[in-house]
Amino acid sequence: MKGRNMTRWRDPAKDPRQEPKSNLITVEGAARLRGILDHLSRIKRPALSAKVGEAAAQGDRSENADYTYNKKELSRVIARIVYLTKRLDELRVIDRLPADTQKVFFGAFVSLEDAQGEIIHLRIVGHDEMKPEQRWISVDAPLARALLGKMLDDEVTVMAPGGEATYLITGIRYTSASKPA
């Protein structure tokens, strides 16, 4: 069976895409996802539905590029709405600081020093709010797993693509975890 939808076989036990995602999210991340869901369902979906209706009213749908494009886009938006609704129901919002703020836990901003003396600032967040450009890493990432529960001045060793990497924790801080207004 040949075709463009065929992919190479992956062992489900070793496939990193099959690993379960954590269901944790910060207050800010949950608010951002709710905002996206609200925008898609109240603004984008009705606008696309109107465009599809206008394009369908023009007649022959088989040769109507506007109809085809807007119908596909509407399907993508509806799929995203369904995914976000389901995902928001599954998520557990962490809306308070940990009891011991001297240790690294979910939501922490952590400063690390590597072997070359370079300082790395990162934040441990949920899978749905990762921002690699800002160094917000998933709580499921190997580095985050190694950091969880560690204290200031602890050393952490992690397997990196280039081999083992050792970091020294030079700073831990949390933002207030109050709910946005």
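Good morning. I begin with helix α1, residues 27–57, where Arg-42 and Asp-38 sit four residues apart, about one turn of the helix. Please bear in mind throughout that this is a predicted model. The two residues form a salt bridge, with 2.8 Å between the closest N and O atoms. Arg-42 is exposed, at a relative accessible area of 57%, whereas Asp-38 is partly exposed, at 34%.

The structure holds five salt bridges, and I shall discuss two others. In helix α2, residues 65–90, Arg-76 and Glu-73 are three residues apart, again about one helical turn. Their side chains meet in a salt bridge at 3.0 Å, N to O. Here Arg-76 is partly exposed, with 48% relative accessibility, while Glu-73 is buried, at 17%.

Which residue meets the side chain of Arg-87 in a salt bridge? The partner is Asp-128, at 2.8 Å, N to O. This pair links distant parts of the chain, 41 residues apart: Arg-87 belongs to helix α2, and Asp-128 to the loop between β4 and β5. Arg-87 counts as buried because its relative accessibility, 4%, is under 20%. Asp-128 is likewise buried, at 16%. Through shared partners, salt bridges join Arg-87, Glu-90 and Asp-128 into one network.

I turn now to the sheet. Five strands form an open sheet of mixed pairing, in the order β5-β4-β3-β7-β6. Its edge strands are β5 and β6, each pairing on one side only. The twist from one strand to the next averages 45°.

Finally, an unreviewed UniProt entry annotates residues 24–93 as "domain: Transcription elongation factor GreA/GreB N-terminal". That span is 81% helix and 7% strand, and its end C-alpha atoms lie 6 Å apart. Thank you.

Note on methods
Residues are numbered from 1 along each chain as its sequence is written. This is a predicted model: local features need pLDDT of at least 70, side-chain atom pairs count only at pLDDT 80 or more; totals for chains, interfaces and linings use all residues. Side-chain values use heavy atoms; hydrogens and water are left out. Two strands pair if DSSP finds at least two bridges between them. Helices (H or I, at least four residues) and strands (E, at least two) are DSSP runs, numbered from the N terminus. Axes are lines fitted to C-alpha atoms, for helices over the stretch in contact, and angles run from 0 to 180 degrees between N-to-C directions. UniProt positions are given in the numbering used here, feature names are shortened, and annotations may be inferred rather than shown by experiment. A salt bridge is a side-chain nitrogen of Lys or Arg within 4 Å of a carboxyl oxygen of Asp or Glu. Buried means under 20% relative accessible area, exposed over 50%, partly exposed in between (1.4 Å probe, protein chains only).
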